[in-house]
Amino acid sequence: MNWSAGPESPVLAYREVHVWRVSLDQGLERVKELKTTLAQEELDRAARYKFDHHRSHFIVARGSLRTILGRYVRTHPSDIKFSYSSHGKPRILPANVNETPSFNLSHSGGIALIALTLCDDIGVDVEYSKRSVRDRKIAERFFSNGEAKALEDVSCDLKKEAFFNCWTRKEAYIKAIGGGLSCPLDQFEVSLTPGDPAALLSVKGEPGASSRWWMVALRPAADYVAAVVVKGKYYNLVCWDLGQ
Ligand SMILES: CC(C)(COP(=O)(O)OP(=O)(O)OC[C@H]1O[C@@H](n2cnc3c(N)ncnc32)[C@H](O)[C@@H]1OP(=O)(O)O)[C@@H](O)C(=O)NCCC(=O)NCCS
């Protein structure tokens, strides 16, 4: 997967998915610069972070999101306006263009990913794979019976990879549908076995759901696992790095 430097004026074609990689560990000057693009509610949220590095990661993620969206809708990052669904999923309020992209953001460790498409609902999830075994045990409780069994069947040396495949694919799907924590995680199944293609396998009570969603696995950096999910089929994926 090639993460080359992203363009200043990207054009999102129909049936394309763009994923931007952002490094959250930035110097003070860059953090200050990005902070000037945030809205008051985002500054208030940043101020509530207890630890400086969490605060600056939030500022860099939001500021970079505004920078990237601004490139697509050809406006200054601070002029981007968001609306939020009842479960908190942000969307761009209609801008002065004919087609406004759908987007989703995820951050973990020192990386954020921002995924965009013109087509439909989109979700992305990235996880730092050096998280504690305790975190992994907690998350495993939310896997469906089929996923738990598939994980059990994976050889010991591939278990961690299989776990993160499952976690990121499940999270990306619930982020695509936008349900947040209200979504019953054991009511749908994703593939997880290393080497198998990323896929939504089934959704309880929704026959044929698996054929209505496109899913792809990403490796944005060593020790990071990610997945993108979009409603529909046959997307062309393009990956870019924001640089700073
Ligand atoms: C938002 C949620 C869907 C994901 O949060 P997360 O994994 O902690 O964080 P991520 O970095 O991947 O995503 C956060 C971003 O998603 C976006 N977001 C917020 N609410 C969202 C929603 N309902 N749907 C989609 N995206 C949402 C925002 O841009 C947010 O960024 P911000 O925090 O800077 O505002 C949240 O509901 C959640 O915590 N889910 C956890 C479910 C779980 O227990 N999974 C166990 C493993 S299977």
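Start with the largest pocket. Its lining has 33 residues, and Leu105, Asp125, Glu171, Lys175 and Gly180 lie nearest its centre. Which elements give two or more residues to that lining? They are H3, strand E5 (102–108), strand E7 (122–128) and helix H6 (159–177). H6 gives the largest share, five residues. Helices (H or I, at least four residues) and strands (E, at least two) are DSSP runs, numbered from the N terminus.

What is a pocket here? Take a 1 Å grid over the protein atoms alone; a pocket is an open set of points where a 1.4 Å probe fits, with protein on both sides within 12 Å along at least five of seven lines. Lining residues have an atom within 4 Å of a point. The volume of the largest pocket is about 980 Å³. That volume is the space filled by probe spheres set on the points, which are joined across faces, edges and corners.

By class, the lining has 16 nonpolar, seven polar and 10 charged residues. Ala, Val, Leu, Ile, Met, Phe, Trp, Tyr, Cys and Pro count as nonpolar, Asp, Glu, Lys and Arg as charged, and the others, Gly among them, as polar.

A word on the source. This is a predicted model, where local features need pLDDT of at least 70, side-chain atom pairs count only at pLDDT 80 or more, and totals for chains, interfaces and linings use all residues. Residues are numbered from 1 along each chain as its sequence is written, and side-chain values use heavy atoms, with hydrogens and water left out.

Now the helix pairs. Two packed helices are described by the angle and the distance between their axes. Axes are lines fitted to C-alpha atoms, for helices over the stretch in contact, and angles run from 0 to 180 degrees between N-to-C directions. Contact means heavy atoms within 4.5 Å.

First pair: helix H2 (residues 40–47) and H3. Their axes come within 9 Å and cross at roughly 160 degrees. That makes H2 roughly antiparallel to H3; the term covers angles over 145 degrees, while under 35 is roughly parallel, 65 to 115 roughly perpendicular and the rest oblique. In H2, Glu42, Arg45, Ala46 and Ala47 meet Arg55, Phe58, Ile59, Arg62 and Arg66 in H3. This contact has four nonpolar, no polar and five charged residues.

Next, helix H1 (residues 28–35) and helix H3 (residues 52–73). Here the axes come within 8 Å and cross at roughly 55 degrees. H1 is therefore oblique to H3. Val31, Leu34 and Lys35 in H1 meet H3 residues including Ser56, Ile59 and Val60. The contact has four nonpolar, four polar and one charged residues.
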